[in-house]
Amino acid sequence: MSPQPSSAIRRSTTAAETNMSLDRPGLDELVPSRYAVKIGAIDVMVISDGVVTPPAESMATNADPAVRAAWLDSMFLSREAFDWALNAVVVRTGGRTILIDSGLGVEVPDFPRAGNLVHRLEAAGIDLASVTDVVLTHMHFDHVGGLLVDGVKERLRPDLRIHVAAAEAKFWESPDFSRTAMGPILSDVARRAAKHFLNEYHGQLRPFEAEYEVAPGVVVQRTGGHTPGHSVVRLASGGDRLTFGGDAVFPVSFDHPEWHNGFEHDPEEATRVRVRLLRELAANRESLVSTHMPFPSVGRVAVAGDLFRWVPTWWDY
Ligand SMILES: [Zn+2]
C-alpha cells in the first residue's frame, strides 16, 4: 500500500507540525490502531489517535507524592510522564456513521505521538465524508483537535451534525481553569482550541441539555464534572450495552477513584461522576471504553472491596 494518503490535504507548514500533518505514513503501521466490537446490531470501532505524555503528577493532584510514586512503580510506569492512550470511537448503525471525539490533531507540538485519527480512519476504510454525526464528550483539545487539522472540515459533509452539551459550549465562552492543574501553557492551548472549534463549527452544533438520542440505541448523556458539559455515550442494542466514558474514567481510577486528575475543572464533582459510573457499570456488567484507557480500551468493571478492578475484554479475532 502507498504510504501517502490519496486525498489532497493542505499541508501544515510549521516545523512542529511536520511530524503531525495528515501527510505521513500510516497505512502500513505494524501495531493495529483499530478494534471492532458489536453491541447488538450496532458496529463500534475504537480508533487510536496515539499516545500523549502528560506529567505523571497530573493524574493525581491530590495524592501524597510518595503514594503516587509507589503506584506508578507498581504499574511499571515512569514517575515523570506516562503514556496516556488517546482513543476515539466510530459507531455505525441504521445508515448513520457517528464519530465520538476526534483526538489531538496538531494542537500540542509536545505530543508528537498523537494526532493520527484521520489517517487511521482512512486505514480502517472510513471516509470523513461518510461521517453523519460527531459527538463530543467535551471540548478539551485532545477531543476536538482532530476536527481542527487543516483540510478536515472541507472533507466533512456540509450537513454534519455535531452534538455537544449546551453547558460545554457555554463554558468555553469564558472558561475557568482555577481548579485544574493545567498550568498557563496547556490552559492557553485549551482556550485556543475550544475557541477555534466554536468559530469553525458553530453552524453545525446541535447542543443538548441533559441527553440526546443521536440514533436508535445511541444516547449521549451529560455528566459534568471533568468539564461542566462533559458527557458519556451509552450504546444499547439487542440486550448488549457499552458506555464510552470519555474522561470520566482514567487508568488510575480503578485503584484510586478519589484521585483528582489535573485536567478536571471540578475535581470533586468529577470524582462523584466517576464513582457513580463505575458502580453502575460494575452492577450491570456492560462494556466500557474510555478515551485514556490503554488501547483497545474495551473492558468491564468489577468491584474489588471498596475499590474497582479493570477487566480487559479478551481480544477476539
Ligand atoms: Zn482527554
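Where in the chain does aspartate 101 lie? Aspartate 101 lies in the loop between strand S4 (96-100) and helix H2 (117-123), where helices (H or I, at least four residues) and strands (E, at least two) are DSSP runs numbered from the N terminus.

The model is a predicted one, in which local features need pLDDT of at least 70 and side-chain atom pairs count only at pLDDT 80 or more, while totals for chains, interfaces and linings use all residues. Residues are numbered from 1 along each chain as its sequence is written, and side-chain values use heavy atoms, with hydrogens and water left out.

1. Phenylalanine 76, which is not a glycine either, has a positive phi of about 60°; its place is in the loop between helix H1 (65-74) and S3, and at 80% relative accessibility phenylalanine 76 counts as exposed.

2. Cis peptide. Phenylalanine 295 and proline 296 are joined by a cis peptide bond with omega of about 5°, and proline 296 is found in the loop between S12 and S13.

3. Zinc site. The zinc ion is coordinated at 2.2 to 2.3 Å by Asp142 (OD), His143 (NE2), Asp247 (OD) and His292 (NE2), donors being N, O and S atoms within 2.8 Å of the metal (3.2 Å for Na, K and Ca), with the caveat that water is not among the atoms, so sites may look incomplete. The angles subtended by the four donor atoms run from 88 to 161°, which makes the arrangement irregular; four donors count as tetrahedral if all angles lie between 85 and 135 degrees, four count as square planar and six as octahedral if opposite donors are over 155 degrees apart and all others between 65 and 115, and anything else is irregular.

4. Zinc donors along the chain. The donors follow the spacing D-H-x103-D-x44-H. Aspartate 142 lies in helix H3 (residues 141-144) and histidine 292 in the loop between strand S12 (287-289) and strand S13 (299-304), so this pair ties together parts that are 150 residues apart in sequence. Aspartate 142 counts as buried at 9% relative accessibility, and histidine 292 counts as buried at 1%.

5. Aromatic pairs. The structure holds nine aromatic pairs, for which rings of Phe, Tyr and Trp (its six-membered ring) must have centres within 6.5 Å, planes under 30 degrees apart counting as stacked, over 60 as edge-to-face and the rest as tilted. Tyrosine 35 and tryptophan 315 form a tilted pair, at 4.7 Å centre to centre and 50° between the planes. Tyrosine 35 lies in strand S1 (residues 34-39) and tryptophan 315 in the segment after strand S14 (307-312), so the pair ties together parts that are 280 residues apart in sequence. Tyrosine 35 is buried at 7% relative accessibility, whereas tryptophan 315 is partly exposed at 36%.

6. Further rings. The pair of phenylalanine 254 and tryptophan 310 is tilted, with ring centres 5.5 Å apart and planes at 45°; phenylalanine 254 is buried, with a relative accessible area of 3%. Phe82, Trp84, Phe250 and Phe263 are linked into a cluster by ring pairs.

7. Strands S1, S2 and S3. S1 and S2 pair in the antiparallel sense over six bridges, and S2 pairs with strand S3 (residues 84-93), also antiparallel, over nine bridges; two strands pair if DSSP finds at least two bridges between them. Methionine 45 in S2 stands opposite alanine 36 and also opposite valine 90 in S3. Strand S2 (residues 42-52) is mostly covered, with nine of its eleven residues buried. In the hairpin of S1 and S2, which has two residues between the strands, glycine 40 takes a positive phi near 60°.

8. Strands S5, S6 and S7. Strand S5 (residues 133-135) and S6 pair in the parallel sense over three bridges, and S6 and strand S7 (residues 205-208) pair in the parallel sense over four. Aspartate 133 has arginine 161 in S6 as its bridge partner, and isoleucine 162 has leucine 205 in S7. Four of the five residues of strand S6 (residues 161-165) are buried.

Definitions and conventions: Buried means under 20% relative accessible area, exposed over 50%, partly exposed in between (1.4 Å probe, protein chains only).
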